[in-house]
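Me: I'm new to this structure. Could you walk me through how to read it?

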Amino acid sequence: MVWGCRPILLEFSQRWGNNLSYGTEKEARAWLSAEPQANALRLVLSGDWVTSEAPELDAALRGVKADKAQTIAFDGSKLTSLDSVGAWLLLRSRKELIESGHTVDAFVLPPAFAPLLETLERSEQASKVRRRPPPPKRNYVEAMGKGVIDGLHVGYSVFAFLGRVTVETMEAVVRPWKELPWPAFIKQIEETGLNALPIVGLLSFLIGVVIAYQGADQLARFGAQVFTINLLGASILREIGVLMTAIIIAGRSGSAFAAQIGTMQVNEEIDAMQTIGLNIVETLVLPRVLGLLVTLPLLTLYADFMGIMGGAMMCYLDLGYTFPVFFRQLDSAITLNTFLVGMIKAPVFAFLIALVGCLEGLRVERNAASVGRQTTRAVVEGIFLVIVFDAAFSILFSVLGI
Amino acid sequence: MPHGSDQKLAIRVRGLVNRFGTFTVHDHLDLDVRRGEVLGIVGGSGTGKSVLLRSIIGLHKPDEGFIEVLGHDTSGMDEKEMRTIQSRWGVLFQEGALFSSQTIAENIEVPLRQYTKMSPHLMDEVAAMKLILVGLPLDTAMKTPSELSGGMKKRAGLARALALDPELLFLDEPTAGLDPISASQFDQLITDLQRSLNLTVFMVTHDLDTLRATCDRIAVLVDKTIKIGTIEELLKDPHPWIQDYFAGPRGRAALQRS
């Protein structure tokens, strides 16, 4: 009697005594049928015992219950094909049956499959298949302690890097003809400064437009629309100009630094530089830090100008103030200090962005996922630090009364 | 079955032309790979060994010509047919090309997950079996590729290539960068697996010892086309490059050992 279903598991043990075969009638390519005899069990294998049939065959072999039978025979003489997974399944169940105290008195396979079986048996002796170990249980106290220690290590390495970069930067500033790699420095100025002009200019202009429009809308309720210009001048020059530029550059150049240096880390280029005796900080970090120290203040100046121009255009369109009117009012609204308060922050932000970008790049491990992770961190940490330091500056200036 | 296909051939290439700009790499190249044989591809730098391999496995679209793999024309295939044929071959790239974010076991399970419906537990067991099959210790299963040496990476890459028990195995410089002991172990491994799994092997290599130890026939890329034969047949070929290759000092040394 042939009896098929899919999947088949436990019915076999319940219907002990029947001849059962496993697999579906329609699409199955491999079959296992168990023929119980007195004190013996004959397992007849037929069809294609190949990888694609493995889930069903695995279940069928696991479903074989041979408690009452003492000797077991494997008859595979009708097998049409057998691959490594099929053969391994057979060897596995033979081994398990022997381990549970049964005798396997026959293991017949077509001679064509002998080399495969031999290879598998030989390697099988080397070690035995084990299950994947369960994931270790999380100990929260331990995890917390580990987190703190890791955090301290990172903090230490950040300070060490900061110190080293500061020393090298100072040396380069004091003796630029000797310490500074000029070609790389100029290239960084082009990449981080010149090439960023369109995006920084456009976004600053639009921010100027937005501030002017919102200011005019609100201040007109008090008839004080002329103070839109004061609002615009103070906010762009003191805060928005430099903050917007720093955030754009953190996204644009901080990520580029991390990805460039990180990819060099993956390609072992950093290792090669070290063995040649190049100073990593001097060749890779310094041009980027100094380049950004030059370009970010210049970009801020440009962003201030574009923001004011955007505001001036909106004031003309919305409130009808011509340019001479606009600039006369602007002149009375702001002092040189307003502009300097914004500009003084630019080099600090530049240093932070470049430092974080390079540091995260150097912390990349040798795999593809790590480059992406550290690049993301470079941007996130860069923007975070820029905003934190901006707030710190605000507090400082308010204490100083500027 | 497409026109004129031959059941005894695993790969049939006809009139293959590959150009890069004005530079022609292959000029109407013909190649037959028989089922069950180990074919070695040799040739100087820039003769297009890798381009030939990439053309056959569909990573490079040839400018002209017809390529048939396991009886199927690969040029006009849709996505689904390509997937079916891809499950019947395995490729070992030069550096192993293991997925760096996954463990070795997960690497081997990628094709299993893609093409079969195995349970996670069964996949773990099969992955372990494949590791043992290529001669790696079981504890490599939980390691990541960056923790393995070059030779172990190649073995792990081979285990992934063999995950689905393919009929056809492509090897790109399998022994490059291995020490002589590992290289000859790898040769032995390929011979064993080829015999026991009844594989057809298409191997790009520079290693004369590998050619002698494993290959049934050798295809030499010269003059933008191919000369094919056993080592003995090729030794009689008067072409200067082939003479330099097999009868040069290294060639003679490798052949004498046989």
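**Reading the sheet and the surface**

Reply: Let's start with one pair of strands: strand β9 (residues 217-222) of chain B is joined to β10(B) by five bridges, and the two run antiparallel. Strands (E, at least two residues) and helices (H or I, at least four) are DSSP runs, numbered from the N terminus. Two strands pair if DSSP finds at least two bridges between them. Keep in mind that this is a predicted model, where local features need pLDDT of at least 70, side-chain atom pairs count only at pLDDT 80 or more, and totals for chains, interfaces and linings use all residues. Residues are numbered from 1 along each chain as its sequence is written, chains are lettered from A and ligands numbered from 1 in the order in which they are written, and side-chain values use heavy atoms, leaving out hydrogens and water.

Me: Which residue stands opposite B:L221?

Reply: That's B:I226, in β10(B).

Me: What order do the strands of the open sheet follow in chain B?

Reply: The six strands go β6-β7-β8-β3-β9-β10, with mixed pairing. At the edges sit β6 (89-92) and β10 (225-229) of chain B, each pairing on one side only. From one strand to the next, the twist averages 15 degrees.

Me: Which helices pack on the sheet, and what do they touch?

Reply: Contact means heavy atoms within 4.5 Å. Angles run from 0 to 180 degrees between N-to-C directions, with axes fitted to C-alpha atoms, for helices over the stretch in contact. Helix α5 (residues 150-161) of chain B touches β6 and β7 (168-172), and its direction makes about 165 degrees with that of β6(B). Helix α9 (residues 240-247) of chain B touches β3 (38-43), β9 and β10, at about 130 degrees to β9(B).

Me: How much of chain B is buried?

Reply: Buried means under 20% relative accessible area, exposed means over 50%, and partly exposed lies in between (1.4 Å probe, protein chains only). In chain B, 55% of the 258 residues are buried. The chain has 10 helices and 10 strands.

Me: Where does A:M313 sit, and why does it count as partly exposed?

Reply: A:M313 is in helix α11 of chain A. Its relative accessibility is 33%, so A:M313 counts as partly exposed.
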